[in-house]
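Reader: Please go through the labels used for this structure and say what each one rests on.

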Amino acid sequence: MTHWKLTMMITLMLVFLLALPAPSALAQDLGDHDVVSFEKTPEMMQLLQRLQLDLLMEKNGRVYAVVGGRDLLRLQQEFIPFAIETQDFPPYSDKHMAVQSGINGQFYSYKEVVAELMNLEQAYPNIVQVVDIGDSLEGRDIYAIKLSDNVTSDEDEAEVVFLGCHHAREWIAVDVPIRMARRLASNYASDSQIQSLLDSSEVWIVPIVNPDGLEYSIYVYRYWRKNRRLNTDGTYGVDLNRNYSYKWGYDNSGSSPNPDSGIYRGTAPFSEPESRAVRDFVQAHDFQVLISFHNYSQIILYPWGYIKALHPQDDQLEYLARNMANRMAQAHGRIYDYGPAGYSLYTTNGDTTDWAIGEEGIPAFTIELPPPNQAHGGFFNDEDDIIPITEENMAAALWLIGWAIDNHGTKAVYGAVEGTGRRTPQPQPNRRK
Ligand SMILES: [Zn+2]
């Protein structure tokens, strides 16, 4: 090594070290991935787009992203200034947060969900059936729970499906579907609305599509997003919500060919057992509508996601979204935006909802649960908010089940648009949910 090179290296190391914040923040670096921030300038945004980092949010003129060791190296090689951030962003109200406790507080873990499903089946055998729809990469069972009268027979009734937790760090997207299942089952006998809905429909709920990722997020790294695929380059994870077949890999901004990326789409459509389990399950049924829960953003999204363009049935999709948003607002006053995904948030290709409508003909929605933004907690929901979020989504779900029953046997989605919902402004900044 020449003297010049050595000097350069030492200078670079010093620059890097000086850029680092206090040691307490460093101690939270788990050696796997880290959260860093950049000054938001147009040039920087272009750079970050090219590097395909896993962007989390924008706040106070800075852009935050999750980076792996390889990303850090590239940032240094390209002299891109960044700051390493602590992983515990200021939560909405920190006294109720279960972030740094090492366990997941009131949020459901995989084992807790499985136990709950078995409890429900045992307690309400007439209206509950639990079905194993496939295995995750690490061998965990992926479960669906069916709620209906005459539950063990497949009746000629409207079928509706709710999916939870494609993305590991989105814990509230587990709680909403599993708690909905409990409420539907336990209130069937006493609530005439629920009873009449379940008597005329078959409601299916898959609370955790990505059990391996969820467990990793709970026990190892809170910000984990993908499944736990060991990629050929030694990195981990495929983004399950980029692994569906419709327009898979359409471009490299709506998903990434880079295995280290947070939005890595995998080696082929349905390369992952978790997305295959959803595909096979959906194809074995005749669903009239599909909901996939994520967070955060507090918005109801519908196809298309892969381009900024309206689906031919946009007015019908908007009708369903607006009515759901209205039921949500009536529950606790919280306003969910709604709109076509590509316009409203950012483009995604290979996601669940484009596949559901594009290949299976099923109207499909991604509900990005609260909070609306990072300033209100981002991926961390206040534990006190779990019940209100569940209740408002339950209200939307009940309306949607009623709609499916009313339109069973038809492909019609039309109806009068009512209420005071708010269609999204467009476009919005780039955030990966
Ligand atoms: Zn998500």
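Predicted model: local features only at pLDDT ≥ 70, side-chain atom pairs only at ≥ 80, totals over all residues.

Reader: What is said of phi at Phe79 and Gln298?

Author: Most residues other than glycine have a negative phi. Phe79 is not a glycine, yet its phi is positive, about 55°. Gln298 is not a glycine either, and its phi is positive at about 60°. Phe79 is found in the loop between helix H4 (69–77) and strand S4 (83–85); helices (H or I, at least four residues) and strands (E, at least two) are DSSP runs, numbered from the N terminus. Gln298 is in the loop between S9 and S10.

Reader: What else is in the loop between strand S9 (287–295) and S10?

Author: Tyr296 lies there. A cis peptide bond joins Asn295 and Tyr296, with omega about 5°. Most peptide bonds are trans. Another cis bond joins Pro370 and Pro371, with omega about 0°, and Pro371 lies in the loop between S12 and H13.

Reader: How do you know how the length of H10 compares with the expected span?

Author: The expected span is 1.5 Å times one less than the number of residues. H10 (residues 314–332) has 19 residues and reaches 27 Å from its first C-alpha to its last, close to the 27 Å expected. Gly333, which follows H10, has a positive phi near 80°.

Reader: What makes strand S6 largely enclosed?

Author: Six of the seven residues of S6 (residues 141–147) are buried, so the rest of the structure largely encloses this strand.

Reader: How do you know which strands pair with S6?

Author: Two strands pair if DSSP finds at least two bridges between them. Seven bridges join S5 (residues 128–135) to S6, and the two run antiparallel. Val131 has Ala144 in S6 as its bridge partner. S6 and S8 (residues 201–206) also pair in the antiparallel sense, over three bridges, and the bridge partner of Leu147 in S8 is Val203.

How values were computed: Residues numbered from 1 in each chain as written. Buried ≥ 20, exposed ≤ 12 C-beta atoms within 10 Å, placed from the backbone.
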